[in-house]
There are 2 protein chains.
Amino acid sequence: MGIFSKTCEYAIRSVFFIAHRTENGNKVGIKEIALGISSPEHFLAKILQDLSKKGIVKSTKGPNGGFYMDEETLQRPLADVVEAIDGNGLFVGCGLGLVSCSESKPCPLHNEFKVIRENIYKMLVSTSIKNFNEDLNLGITNLKK
Amino acid sequence: MGIFSKTCEYAIRSVFFIAHRTENGNKVGIKEIALGISSPEHFLAKILQDLSKKGIVKSTKGPNGGFYMDEETLQRPLADVVEAIDGNGLFVGCGLGLVSCSESKPCPLHNEFKVIRENIYKMLVSTSIKNFNEDLNLGITNLKK
DNA sequence: TAAATAAAAGATAAAAAAGTCTTTTATTAT
DNA sequence: ATAATAAAAGACTTTTTTATCTTTTATTTA
């Protein structure tokens with residue numbers, strides 16, 4: 001596996017996709033999202049339900065319904081998406097899985113990991129979804145398999 | 001989850017433990033290792049079989065047998081352990097799981113991830129198991145749950 | 001208000017990861 | 001040679017992750 005779980009990869013890609021498609025108050029349906037980011041539709045539905053409950057994305061049912069993001073949700077850092085799905089295990093805790101690992105009783109990788117965690121956290125927290133969105137709008141970046 | 005799989009966490013901790021205990025040509029048995037790193041014994045046995053096949057650790061059967069490391073295996077970078085268990089997914093490939101992601105067709109996190117991957121890889125490749133071992137010998141670092 | 005639409009929710013299923021237990025094989029010491 | 005030891009190998013179980021399919025609920029439009 002990579003750094004994120006597969007579920008989290010889908011989550012991030014879908015959030016980018018939704019942001020990209022709904023800037024002007026439009027909404028986008030699950031089928032279109034799943035197609036746009038090459039993910040299994042029903043599995044993604046579960047993920048988006050979750051993100052919706054947690055306020056990461058917005059949704060409405062019925063005709064003309066779908067998922068969307070407003071100014072507030074667009075401002076959120078990507079870290080919020082990652083934390084909603086994978087939790088904070090990537091940012092806190094011991095790299096070797098030791099609960100007792102601490103500054104005073106460090107594991108052999110403690111200090112090395114601190115740097116890496118900080119890098120990851122900084123990058124996920126310092127840029128909003130909207131920021132990433134800009135490159136997508138410019139057609140510079142891609143979300144499909 | 002953290003950065004590594006649980007299997008990989010056990011692998012790294014056991015390698016450190018074995019290195020620590022077998023510097024002077026001694027060997028150490030699976031029971032003692034499992035106890036020393038707080039891991040399930042039989043599960044760890046599987047992991048060590050694997051590491052042994054791949055030449056990351058050495059082993060002999062029978063009385064006075066056990067796992068050990070020699071000068072050559074101690075020189076190996078930690079990256080070898082990680083790669084043996086978790087593969088190279090942490091070092092290569094797209095952070096969002098996109099196979100088509102590349103320099104010319106990057107995903108939205110492509111450049112951000114490049115930096116992080118390099119950090120992780122550098123830290124894992126630049127220090128040998130023996131290096132980490134030194135702090136353990138000094139009693140500075142800890143491997144138990 | 002009825003039909004259509006689209007997400008939410010629920011129930012399963014398949015695959016992978018993590019963990020346990022038993023049997024076999026290699027090695028050593030008696 | 002035989003018994004004891006310890007890893008290797010095999011079979012199996014449990015848990016978590018990933019994925020699929022069906023039913024329900026909310027909303028809109030005609």
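The largest share of the surface near DNA strand D, four residues, is supplied by α3(B), where "near" means that a residue's C-beta atom, placed from the backbone, lies within 6 Å of the strand. Helices (H or I, at least four residues) and strands (E, at least two) are DSSP runs, numbered from the N terminus. Before going on, please keep in mind that this is a predicted model, in which local features need pLDDT of at least 70, side-chain atom pairs count only at pLDDT 80 or more, and totals for chains, interfaces and linings use all residues. Residues are numbered from 1 along each chain as its sequence is written, while chains are lettered from A and ligands numbered from 1 in the order in which they are written.

Let us stay with DNA strand D for a moment. At least two residues of the surface are supplied by each of α1 and α3 of chain A and α3 and β2 of chain B. By class, this surface has eight nonpolar, 13 polar and four charged residues; here Ala, Val, Leu, Ile, Met, Phe, Trp, Tyr, Cys and Pro count as nonpolar, Asp, Glu, Lys and Arg as charged, and the others, Gly among them, as polar.

Now turn to DNA strand C. Among the 25 residues around it, those that come nearest are G29(A), K6(B), P40(B), H42(B) and G62(B). Here α3(A) gives the most to the surface, with four residues.

How are the two protein chains related?

Let us return to α3(B), the helix we began with. It has 13 residues and reaches 18 Å from its first C-alpha to its last, close to the 18 Å expected at 1.5 Å a residue; the expected span is 1.5 Å times one less than the number of residues. Its buried residues are L44(B), I47(B), L48(B) and L51(B). A residue is buried if 20 or more other C-beta atoms lie within 10 Å of its own, exposed if 12 or fewer, and partly exposed in between, with C-beta atoms placed from the backbone. Seen down the axis of α3(B), the buried residues fall within an arc of 100°, so they line one face of the helix; the arc is that of the directions from the helix axis to the C-beta atoms. They pack against α1, α2 (30-37), β2 (66-68) and α5 of chain B. H42(B), K46(B) and K53(B), on the other side of α3(B), are exposed.

Conventions: Contact = placed C-beta atoms within 7 Å.
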